[in-house]
Amino acid sequence: MAMGSLSDSDDDFNPEINTTPLVDVMLVLLIIFIITIPVMNHAVKIDLPKASSQPDQVKPESINLSIDATGEVFWNEEKIDSNQLGLRIAAAAQKQPQPELHLRAERTTQYEKVAQVMSAAQSGGLTKIGFVTDPDKK
């Protein structure tokens with residue numbers, strides 16, 4: 001509303017803009033945009049190249065060493081004797097990265113034979129020895 005004098009002269013007419021409705025409309029629009037913008041997801045899905053700053057680590061090979069119930073030793077399913085076992089362990093210990101020794105033994109294998117194989121692996125220089133077992137199947 002314009003505040004003016006009671007006189008009818010047009011010379012001192014001073015119009016004023018009422019900004020209250022404008023502020024109300026702007027606040028309503030702001031609330032609408034705040035609510036609707038997170039709902040609208042205009043992301044373009046692209047397949048970006050992947051880079052790694054860490055060097056690729058070569059996974060060491062594994063040696064499957066099996067001992068059956070009679071005490072026979074198998075190197076990756078190849079039957080060997082105790083002399084060949086020592087030579088192969090020494091050769092494997094020299095590789096970089098050092099391979100892992102996966103030791104499998106039958107349930108009825110004598111503990112003495114398993115201990116001898118473990119001792120040969122330790123004296124040959126292999127440090128990573130793991131025991132492989134089969135889960136109990138019912």
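S82 is placed in helix α2, where helices (H or I, at least four residues) and strands (E, at least two) are DSSP runs numbered from the N terminus. At 55% relative accessibility, S82 counts as exposed; buried means under 20% relative accessible area, exposed over 50%, and partly exposed in between (1.4 Å probe, protein chains only). S82 and E72 are ten residues apart in sequence, and their C-alpha atoms are 9.3 Å apart in space. This is a predicted model, in which local features need pLDDT of at least 70 and side-chain atom pairs count only at pLDDT 80 or more, while totals for chains, interfaces and linings use all residues. Residues are numbered from 1 along each chain as its sequence is written, and side-chain values use heavy atoms, with hydrogens and water left out.

**Overall layout**

- The protein chain contains three helices and five strands, and along the sequence they follow the pattern α-β-β-β-α-β-α-β.
- Of the 138 residues of the protein chain, 15% count as buried.
- The accessible surface of the protein chain comes to about 11,900 Å² (Shrake-Rupley method, 1.4 Å probe; for residues, only the protein chains shown count as cover). Carbon and sulfur atoms account for 57% of that surface.
- Contact means heavy atoms within 4.5 Å. Among contacts in the protein chain between residues at least 6 apart in sequence, 62% join residues at least 24 apart.

**Nonpolar core**

- A nonpolar core is a set of buried Ala, Val, Leu, Ile, Met, Phe, Trp, Tyr and Cys residues joined through side-chain atoms within 4.5 Å.
- The largest such core has 16 residues, and those with the most contacts inside it are L65, W75, L85, V117 and L126.
- Two or more residues of this core come from each of β1 (62-67), β2, α2, β4 and α3 (111-124).
- The largest share of this core, four residues, is given by α2.
- Leaving aside neighbours within four places in sequence, L65 is in contact with V73, F74, W75, L85, L101, H102, L103, R104 and V117.

**Residues 20-40**

- An unreviewed UniProt entry annotates residues 20-40 as "transmembrane region"; UniProt positions are given in the numbering used here, feature names are shortened, and annotations may be inferred rather than shown by experiment.
- Over residues 20-40 the chain is 81% helix and 0% strand, with the end C-alpha atoms 30 Å apart.
- L22, V25, M26, V28, L29, I32, F33, I37, V39 and M40 form a nonpolar surface patch, with about 970 Å² of accessible area together.
- Patches are made of residues with over 30% relative accessible area and no salt bridge; like charges are joined within 9 Å, and nonpolar side chains (Val, Leu, Ile, Met, Phe, Trp, Tyr) within 5 Å.
- V25 is found in helix α1 (residues 20-36) and is partly exposed, with a relative accessible area of 46%.

**Salt bridges**

- Side chains of opposite charge can pair when their charged atoms come close.
- A search of the whole structure finds three salt bridges, each defined by a side-chain nitrogen of Lys or Arg within 4 Å of a carboxyl oxygen of Asp or Glu.
- K95 and E61 meet through their side chains in a salt bridge (3.2 Å, N to O). The pair links distant parts of the chain, 34 residues apart, with K95 in the loop between α2 and β4 and E61 in the loop between α1 and β1.
- K95 is partly exposed at 39% relative accessible area, and E61 is partly exposed at 40%.
- K79 forms a salt bridge with E72, the closest N and O atoms being 3.4 Å apart. K79 is exposed at 51% relative accessible area, whereas E72 is partly exposed at 29%.
- E78 and R88 also meet in a salt bridge between side chains (2.9 Å, N to O). E78 lies in strand β3 and R88 in helix α2, so this pair ties together parts that are ten residues apart in sequence.
- E78 counts as partly exposed at 40% relative accessibility, as does R88 at 25%.

**Backbone geometry**

- Most residues other than glycine have a negative phi, and most peptide bonds are trans.
- The peptide bond from Q96 to P97 is cis, with omega near -10°. P97 is placed in the loop between α2 (82-93) and β4 (100-105).
- N76 is not a glycine but has a positive phi of about 50°. N76 lies in the loop between β2 (73-75) and β3 (78-80) and is partly exposed, with a relative accessible area of 37%.
- E77, a residue other than glycine, has a positive phi near 70°. E77 is placed in the loop between β2 and β3 and counts as exposed at 77% relative accessibility.
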